[in-house]
Each structure stands twice: as structure tokens, then as C-alpha cells.
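Work through the exercises below with the structure open. Each task is followed by its solution.

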Amino acid sequence: MSDSPGLFDDADLPAPDRLPKLQGAHAPLAERLRPHHLDEVVGQRHLLGPGKPLRVAFETGRLHSMLFWGPPGVGKTTLARLMADAFDADFLPLSAVLAGVKDIRDAVAQAQAALQRGRSTIVFVDEVHRFNKSQQDAFLPHVESGLFTFIGATTENPSFEVNSALLSRAVVYVLEPLDAGDLQLLMQRALEGTEVGAIEVAAQERLIRHADGDARRLLGALELALQAAVRATQEVLSAELLEQTLGATLLRFDKGGEQTYDLISALHKSVRGSDVDASLYWFARMLEGGADPRYLARRLIRMAVEDIGLADPKALTLALEAAQTYERLGSPEGELALAEAVVYLAVTPKSNAVYKAYNAARAFARDQGTQPVPLHLRNAPTKLMKNLGYGRDYRYAHDEPDAFVAGETYFPDGMTPPHFYQPTTRGVEERIARRLQELAERNTRGSVVSPSGTESDSAATAPPSD
């Protein structure tokens, strides 16, 4: 974009004729600009464009239960209201934040009364993921019977937050954040009927970054800025005045919600893929969005053990030290130590050999059941246990050449020794692989030989306990 103060001379951004003007109402700007017709909706072209699913539902009159899944401020409530208007149905909104089972019963009673009058009903539940299982179950028989059409809105993944029974009775539509063009169109509409005729390009760009795809957030910030511009008798909203009214920008981040896991997944995969810049980007995104640095520190420790392992044992030490440093310094100084760990983990050699070996060993142990410990590996702190053969023929490694008992087996009797750990040829694991190969060759050459002398000869040099 250029820095000229002109605004929206793009012919691709027309305002619909039926758009309500900004005058007289005390409602927030976002509410006053809420579309009254499907053609006024901004964004969601993948659902509302010609031949797209929701457009077809509107045009064919096929009303069905559905779930709108998307971030805040993308039109979930608006689409539900428009459906009620389009199908001439009673609209009963519920907020899962405030409503309970009694409110659901009241909605059922109203839907039954409407049905007796020959009218259909849409029950709209905002933040449906906040309802517990029993509350969600309360809708099932009425959705099944067709008493009302259920429309739910959620910012969380319905696969995890909505009961499978209710999910199976509703079509899930994924709504996307508004893009820059959509947000520009909303700014253009907001200016109509005001004393401010334009917005500087720099201010437009700042508003778009601030909104982060959220129409409600855009219009809330713009309303304050326009009021300030009117008081300052500015005909063009300047970037400087906007900045004074805007406050701090927080990137979208829902602690503990779906986006938390999307962002941490992107960070983890970037570190695993050795992309330093992408790793720092996702790390910064989460911090700027309000993520707890301690949570990020814990995840960095996991990356060190899961994706780096023995390819670079120092990675775990550095991740732990970064976490401790943050505990000492706090924010923002301690965040630099975490950033240092992010960079180190991204550039160092990678190996998940220990991670895979551990999982394989767990699966193998479960499948094999409870195998007895061989007698020669058992400790014998009492005379009875010695008489029973505990610890007999055990060869103390420190009495052997290079502290290695060639040919010895440490698995249960009769078990074919599995090979869980397969080191890579990267970093320190390259040296580990050479060492394991050397030990394997010595095992092949060696054989288990009982130590010379009596049992007490070997026991004399063995430690008294494990």
C-alpha cells in the first residue's frame, strides 16, 4: 500500500444498498452494521459464494441443524440470525456461558408453542462447547424429532468439545478469519454517515493488523478512533490519532483452546524441522498472544527429549537451564533465555531414536507379560536367598576387562534379546552407534563363563545391593 491519505477508490468494494446507516442507535458499531441480508455478509466466500453449501441451503430452503466453528468475530451469530429471517422461523438464542438446563426446557416449550401456531423454530446456542454433556444431551430428542432446528456456534474444535451424538446430527461449517479485503470493506461501510471521510493508508494497515481477522474487534477499535477524529475535527483519520486510541494489540490466542494446540504444534514442528526463523516466529506469536512462558518452557524441554535426544544431550540441559533462568528473571528478560533455547533446539542435530526405543520397549513389556527375573540378576541380601541361588554366577562388570561382561545376557531366561534402540548417525549418536557396534562384536566373540573360584569369589567384589 502507498502512504497517500486516500481511501477505498477500489470499485471492487461496493456497499450494498440495503446497508443500515450509522445514525441514532446507541448499540455498538459492530451491532449497527450487522447484515440484514445474505448479500451484505462480508467474508466466508467458501460457504456463501455461488453453489457453495450455505448459499445452496438458503436458496433451496433446506434448513438443517448445523455447527459454525470459527474464531471470534467472523459472522457465526449473524448467519444464524439470517437463517431465521430467510426461513421465517422463530429465533431463540441461548448463551452457553449463562444458560442452564432450565433455559433449554424453556426453549423447548417455546418451540412447541410455535409449532402449534404453524411456525418453525431455530434454537441458536452460542459458545456451545461450554455446555456439559448432560446439557448437550438435552437437545438430542428434540433435534431428532424435528421440533426445532439446532444451530451451535463454537470457537473450539467440535470433535473434542461437542458430544458425538449431537455432532452426528449436525453439519459442521468451518468459518475463516476475515482477510484484509473483507476488513477494508467493513471500514468503508463504517465511514458512511459519519463526518470522517477517509482513513490514512497507514491507519488502515494498522487497523487490519489489530483486528487479526475479527470484524467485531476491527469495528470496536474503529468506532473509538472515529469518535476521536470527530472531536479533533479530522476529516481524515490519521495513523497518529488511531494509535492514541488503539491500545496494545494482542494477537489471537485462546489459552487452553484449539488455537493453543495449533500454535504449539507449529512451533514444535518448526523446531523439529530445523527452521530457526519459523521457530522464533511461532514462539513470538504465542508470547505476544499471552501464552504463559512457563508452558512454553515445558514444551521446549519435551522437544529436547523427544526430537533431539542423544544426538545432542546438551540440548536437554540447555532447555532446563532456560526454564530455570525464566523462573529467576521473569518477563520480559527471562523470555530471552527461552528464545535462546528455541534457536539451539532448532539448529542442533535431531534424533527420535530414544523416543522410539522407549515406546517400543513399553509395548514389548506389555506384550510379554510378567517374566521372572533371572536368578543371576537377583540381589541376595540374606542367607536364604543365597541358598536359593539368588545372584549365583553373576559377573560383576567392574571386575571384567573394560568393565564389560562379554557374552552376558540381562533379559529373562529364554527371551530372544530385542533391539529397541537404533541410534542415528547424527551428532553424539554417531559415537554411540560405534560404541554399540563394538560391544555387539565383543558379545559375539565372547561367551558366558562362570567366574573362577567359588560363588563367594564373585560375590566378594559385588556390591551388597542393586
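**Exercise 1.** Across which strands does helix 4 lie?

*Solution.* The model is predicted: local features need pLDDT of at least 70, side-chain atom pairs count only at pLDDT 80 or more, and totals for chains, interfaces and linings use all residues. Residues are numbered from 1 along each chain as its sequence is written, and side-chain values use heavy atoms, with hydrogens and water left out.

Start from the elements: helices (H or I, at least four residues) and strands (E, at least two) are DSSP runs numbered from the N terminus. Helix 4 (residues 76-86) lies across strand 1, strand 2, strand 3 (121-126) and strand 4. Its direction is at about 175° to strand 3, where axes are lines fitted to C-alpha atoms, for helices over the stretch in contact (heavy atoms within 4.5 Å), and angles run from 0 to 180 degrees between N-to-C directions.

**Exercise 2.** Determine the strand order of the sheet and its edges.

*Solution.* Five strands form an open sheet in the order 2-3-4-1-5, paired in parallel; two strands pair if DSSP finds at least two bridges between them. Strand 2 (90-95) and strand 5 (171-174) each have a single partner strand, so one side of each is left without a neighbour in the sheet.

Next, take one pair. Strand 1 (residues 66-69) and strand 4 (residues 149-154) are joined by four bridges in the parallel sense. Leu67 has Gly152 of strand 4 as its bridge partner.

**Exercise 3.** List the contacts of Leu54.

*Solution.* Not counting residues up to four places away in sequence, Leu54 touches Leu47, Leu48, Met66, Phe68, Leu79, Met83 and Tyr173.
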